[in-house]
Amino acid sequence: MSIPLSELADGYTVPRIITGTWQISKGHQAPRSRAEIFESFFRAIDSGITVFDCADIYTGIEEMLGDFLRECRQREGSAYADQIRIHTKFVPDLEALSTLDKVYVEKIIDRSLRRLGVERLDLVQFSWWSYDIDRWIETAGWIEELRQKGKIRQIGATNFHLESLRSMIDAGIPVRTHQIQYSALDHRPENGMVEYCRDNGIGIFCYGTLAGGFLSENYLGTSDSFEKLKNRSLVKYRLIIDEYGGWGRFQKLLKEMDQIARQHGATIAQVALRYALDRPGVTAAIVGVSKAERVSQIAKAFDLTLDDSQREIIHALGRTAPGLNGSVYGLEREKNSRHAAIMKYGLNRENLS
Ligand SMILES: NC(=O)c1ccc[n+]([C@@H]2O[C@H](COP(=O)([O-])OP(=O)(O)OC[C@H]3O[C@@H](n4cnc5c(N)ncnc54)[C@H](OP(=O)(O)O)[C@@H]3O)[C@@H](O)[C@H]2O)c1
């Protein structure tokens with residue numbers, strides 16, 4: 001089945017699955033060859049997954065996607081380049097938040113344009129590390145000015161809590177999308193965010209739907225091990241599993257999902273993805289796929305229909321997760337929390353040439 005589309009404001013359509021690229025950024029995990037990565041990108045586009053999610057702080061990725069776009073244009077008779085859309089992020093460094101100005105914002109946006117080799121960015125998802133520095137509305141206003149100048153097509157947000165998202169909307173910033181963690185493990189968006197986004201025409205792009213790969217057969221029945229985690233996203237989601245109630249409770253979820261998967265001749269990853277896509281308000285799921293064979297596995301989530309009772313089994317376990325009952329990104333923002341300690345807050349400084 002080809003990937004269904006969702007329509008956002010202003011007629012902007014996106015496939016319901018978006019290719020995530022954090023996993024292939026420098027420093028995330030053992031590097032994969034460029035040929036292998038491009039092969040998976042082509043496979044994604046052939047399956048209808050024509051949108052790629054990246055960020056100014058995913059080291060090397062905007063440049064790689066720029067090269068990929070050029071390669072697409074060079075393929076004779078190829079329509080690849082016309083189909084592709086790239087969603088990036090603007091993630092100003094924590095230490096820059098109190099002093100940044102319009103020039104800083106434009107410099108970073110211009111750098112994304114240069115790296116990608118495009119004249120306009122399709123979507124810029126704005127992130128703000130600390131609400132202690134009360135300047136995100138002013139900064140969003142400068143992004144909006146750049147949109148009006150034609151450098152940006154759409155504005156999105158990522159990891160905002162409800163009040164701060166509302167403050168931008170109330171200030172007239174046309175935020176069209178919100179990228180947040182939302183999965184069988186993490187139901188925090190259901191504490192008001194889903195409703196707010198629905199009421200204000202904001203599409204939700206969810207990440208964490210596979211919990212970095214934890215929501216798959218690979219971890220069913222395995223023992224817990226922090227030491228053997230092979231990349232940064234597994235570290236991130238292992239902490240989420242603790243908040244979910246720990247390894248034992250997570251295994252209970254995997255067993256339930258495995259039973260559901262077997263009833264459909266599907267995999268746990270497909271059930272996890274289908275579940276997330278079925279949550280109200282979810283426009284698309286961003287999935288970290290960098291191997292060609294994964295693309296077809298992921299696309300099969302659309303061949304699967306979960307019934308209400310199956311969804312309810314997963315939902316009931318998730319909604320009662322003891323540590324995941326607060327706001328979107330609340331734990332990650334808590335100073336000195338384990339979640340905050342694994343973040344890198346200064347990657348734009350490293351990359352700003
Ligand atoms: N805004 C934010 O703060 C934020 C945070 C996190 C992520 N994101 C975005 O979301 C994207 C996805 O990241 P995520 O954290 O949500 O990761 P995810 O999609 O939950 O998990 C990705 C991992 O799942 C594994 N996987 C893929 N298909 C699978 C399958 N069929 N069976 C088993 N495992 C499978 C892949 O492992 P293999 O490598 O083995 O294939 C991959 O490393 C990122 O690339 C990024 O673009 C944004």
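Me: In this predicted model, which residue has a polar backbone atom 2.9 Å from an oxygen atom of the ligand?
Reply: A polar contact is taken here as a pair of N or O atoms within 3.5 Å. With an oxygen atom of the ligand on one side and a polar backbone atom on the other, the pair at 2.9 Å involves Trp-22.

Me: Which residue has a side-chain N or O atom 2.7 Å from an oxygen atom of the ligand?
Reply: The model is predicted, so local features need pLDDT of at least 70 and side-chain atom pairs count only at pLDDT 80 or more, while totals for chains, interfaces and linings use all residues. Residues are numbered from 1 along each chain as its sequence is written, and side-chain values use heavy atoms, with hydrogens and water left out. The ligand oxygen lies 2.7 Å from an N or O atom in the side chain of Arg-294.

Me: How are α4 and α5 oriented to each other?
Reply: Helix α4 (residues 102-116) and helix α5 (residues 136-148) pack at an angle of about 50°, with their axes 10 Å apart. Angles under 35 degrees count as roughly parallel, over 145 as roughly antiparallel, 65 to 115 as roughly perpendicular and the rest as oblique. The two helices, α4 and α5, are therefore oblique.

Me: How many charged residues are in the contact of α4 with α5?
Reply: The contact, meaning heavy atoms within 4.5 Å, includes Lys-102 and Glu-106 of α4 and Glu-145 of α5. Asp, Glu, Lys and Arg count as charged. Alongside 5 nonpolar and 1 polar, the number of charged residues is 3.

Note on methods:
Axes fitted to C-alpha atoms, helices over the stretch in contact; angles between N-to-C directions. Helix = DSSP H or I, 4+ residues; strand = E, 2+ residues; numbered from the N terminus. Polar contact = N/O pair within 3.5 Å; in protein donor to acceptor, adjacent residues only side chain to side chain.
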